[in-house]
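Okay, everyone, thanks for coming. Let me put the structure up, and then I'll walk you through a few parts of it.

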Amino acid sequence: MAESIAAVEIRNLVKEFKTSFRRKPLRAVDDVSIRIMPGEVYGLIGPNGSGKSTTMKALLGLVAPSAGQCSIFGRDSMKVDSRDEVGFLPENPYFYKHLSGAETLRFYGKLCGLGGRELEDRVTELLTLVDLEGARDRRLGGYSKGMLQRIGLAQALVQEPRLVILDEPTAGVDPLGSRQIRDLILKLRDQGITVFLCSHLLEQVQEVCDRVGIIFRGKLVREGKLEDLIAIEDQSEIVLRDASPELLHQIRALVESTPGASVVRTGKPRTTLERLFLREISEDEP
Amino acid sequence: MSNVVHISPKGSHFMRIWVIAAHTFTQLVRMKVFYFLAVFAVIAIASNFFDLPQHEGPEAVGANVLRSIKSWSLGAMTLFSVVLSVVATALLLPKDAEDRTLYTILAKPVPRFDYLAGKLLGVLLLVFVSLALMDALMTGVLHVRTNMVVAQQVEMATAMGWPADAVASLRAETLASGPNASLQGAVFAVFLRASIMASLALLISTFSSSTLFTTVVSFLIYFIGHFQADARNIYLQAGEAGEGLFARVASLALSLVMPDFQLFNVIDAVIEGQALPLVSLAKLTLVGMYYAVFFTFASWFIFADKEF
Amino acid sequence: MKGWFKILLLTLAMLVFGAMRLPYEAALFKSLREAGLFPPELGIGTRDKIGQTSSAVALGGLRTLVATFLNLRAFTYFTEQRWNDVEETYNTIVDLAPRTRYYWDTGSWHMAYNAASYYINDSKLPPLRRREAWRMSIIKGRAFLERGIRNNPDDWGLLASLGFLLSDSNKYPAFRDANASFAAAAEAYRKAADTGKAPGYVQRSAFYALARVVGREAEALALARKLYGEGPINRTPTMKALLFVLEAWENPKMDLKARAIEIYGTPENAYEALSVHWSRVRDGFPVHGVSAVIPLLEEQLSISKENSVLNRPLPPPGGPDEWFR
């Protein structure tokens, strides 16, 4: 029965922001529906300002939907108890600089009703998980960007939530730190935790997500399994190594002599997701 | 449903409010707010040397110093408590929102009321502890100094041949201007006023867009609040004084919306040696709590569906 | 829409909240005033009062501190003999701290004593103007004290200060009617004694002032007998002299000498004390029967006529007539 309850259920979400008195309200999210099943890693991709963060905030009850509904494990996002089983890492988080790593986790743990031995054990466990035991008693004011992001992740996990929401988890983090965070996400997936992340960095989404949604100007323009989305049914790709210009010329001639077939493009291979993304938004352009 | 609920958000409001309050307290302490206490210690000790060469007999010896210690100490407490209440409250909320730490807190199963109440309680806790420490320091200095002054006066009066009953009366009068229960009551009144200011600043900061705005408006209300009683009197006596309709409506609006801070001017009277009856203090406490609770709920009313 | 509705609702709640607390606050304000925690309502118009005390009100909790500073400043003005500034500063100080006896006392002392003495010796002004300035200073000092008493009706110290000022031999000539001045002094001392907190000398001072009021001798005599009967602490030389004088006023035919000796114990003591009383011209005490009893005592003590205190020149009156010649 638990299987039938989606970890995340966003139905026809619309969010409008008032800009000024007379002007038309800004529609940040336009009729978005997303359903994420337990255990999935879902990536929402889109450029800055496309409505990713607003969608996540609506899911967490930080903004109220203008229309539509959000729920987490069947519980309405506008209700406090929907946040029992969710951990959230906002974009570019600053935590309280005056607290040490351990104190930060303790604070969030207590907010979730943890305490005593149980909480202490959990704090140690999480610090080990995010590889920050060494910085346990250092104040967050002295943490690097990557460390902050990792303590943020640990904070999101403090009450062992079944769903973790990550907003741009690697923004502004160097490649090494970025890799550490990616490994952590994979570790979460192995533990069966549902992950909902959003990013404008396509490579990252591609590496960890089971399913992705593409959001642009507030609309969910495409959604599906990663392989399905990347595969373009009417096209084939041949990736060659050390092909001479002559060989390429021959292949092109062969294709052109075949009726119905055509060469779409030649050149160096690109990140497929990025290509997909660019195609999707160009189709959508008014 | 087979959903396992690990933690229930219900039933532990107090716990959560306390966690946020304790954290806010720590935060302010680590912002080095308590350094002010060192300044206060200097003030309390320096106020000991505020004696002028004056006329008159034994009754004037040192009486100035005792009043000076009280004036300086309670003045410093007033400034510290009001400024801290307003600035800390005005600062903490927008800071949390700007740094997005607010997201991480509200993304936990924390009702928004708990968050607000916790912040307010944290600020008040800090003000209370600071005032208690300052009070202890003031009482200590005053105690030592009062005994010195009494000894001086008795010696001088005896040398001048005052009859025993006059000496005893002088002694009693001087001791009364030393540390006493009314003085502690005045310090508590300082705290009450700070509580009103903090909850007021909380309310303003829930719809204000900047710390500066909150601070300025809070202090403006603080200032105007001292004249609320006058507006109320004008309204209540409008019939006799023959004020126009406009004056009546304006004074009524002012007295309904503005808090009455003039009530807390009893602090000045206590410094001047008046006794503060326990009943009056209890009534003042009721006033303070009435405001603080109303403002907190009003803040929550605004904050409940605020978007970030 | 919803936002507007919320603001409307909050405003409404605020007004209801205000209406609910208004009567409570008004009552509390009144009870605090009755408990002496606010200055009593003065007999001046509301408008004047707001103008006068608005700064004081807004300084809630800091008023006595500011008063302390102003007192320092006033002291500087005093040492620089800037009397108008002293007066102005004390007017502000007492607005800030109306409950502190010290400020009322010191302010009036600066006016009635320091400024007044200064004008006696101020060589820059012609005598008539000096005299007027002297008189005005004392009148201001008195008015200031009386204001302080209205603010602190239970304070024996201020009442005693007023009594002292009004019966001071150097001050009462400033008031048009010396008799009224002594009566007012007696009244002030009496009120001070009635508070029950004043030391014993205040009651005697009330009597000394009353004894000087022409027309109220009977009342004074009754008080003298009462105080005299209360025990040796009240039997000061002045008290003894006045008891004798008032009894002589009541019954000029009594055996003056016998009564004087009875009061003082020996003829020597009686003669010495009454001689002193005779020469205290400037204090304005009554002297009924003194000039009659002194020759009788001299006769008994064999003091020659030439050495009689009655033939010695009296000390100069020393009052304003002499100072402002």
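So, confidence in chain A: the mean pLDDT there is 84, with 91% of the residues at 70 or more. This is a predicted model, remember. Where in chain A is confidence lowest? That's helix α9 of chain A, residues 272–284, with a mean of 67.

If you zoom in on strand β1 of chain A, residues 8–17, you'll find 7 bridges linking it to β2(A), and the two run antiparallel. To get your bearings there, look for A:Leu13, which sits opposite A:Val32 in β2(A).

Now over to chain B and its helices. Take helix α3 of chain B, residues 63–98, and helix α8 of chain B, residues 211–225: they pack at about 150°, and their axes are 9 Å apart. Anything over 145 counts as roughly antiparallel, so that's what α3(B) is relative to α8(B). The crossing of these two is right-handed. On the α3(B) side the contact includes B:Val82, B:Val86 and B:Leu91, and on the α8(B) side B:Thr211, B:Phe219 and B:Tyr222 are among the residues they meet. Sorted by class, this contact has 8 nonpolar residues, 4 polar and no charged ones.

α3(B) has another partner, helix α5 of chain B, residues 112–159. Here the axes come within 10 Å and cross at roughly 170°, so α3(B) and α5(B) are roughly antiparallel as well. That contact divides into 18 nonpolar, 6 polar and 3 charged residues.

Last stop, the two chains together. How many residues of chain B are in contact with chain A? It's 28, and they meet 29 residues of chain A. On the chain B side, the elements giving two or more residues are α1 (13–30) and α4 (101–106) of chain B. By class, that side has 13 nonpolar, 8 polar and 7 charged residues. Okay, over to you for discussion.

Methods. Residues are numbered from 1 along each chain as its sequence is written. Chains are lettered from A and ligands numbered from 1 in the order in which they are written. This is a predicted model: local features need pLDDT of at least 70, side-chain atom pairs count only at pLDDT 80 or more; totals for chains, interfaces and linings use all residues. Two strands pair if DSSP finds at least two bridges between them. Helices (H or I, at least four residues) and strands (E, at least two) are DSSP runs, numbered from the N terminus. Axes are lines fitted to C-alpha atoms, for helices over the stretch in contact, and angles run from 0 to 180 degrees between N-to-C directions. Angles under 35 degrees count as roughly parallel, over 145 as roughly antiparallel, 65 to 115 as roughly perpendicular and the rest as oblique. A crossing is left-handed if the near helix is turned anticlockwise from the far one by less than a right angle, and right-handed if clockwise. Two residues are in contact if their C-beta atoms, placed from the backbone, lie within 7 Å. Ala, Val, Leu, Ile, Met, Phe, Trp, Tyr, Cys and Pro count as nonpolar, Asp, Glu, Lys and Arg as charged, and the others, Gly among them, as polar. pLDDT is the predictor's confidence in each residue, from 0 to 100.
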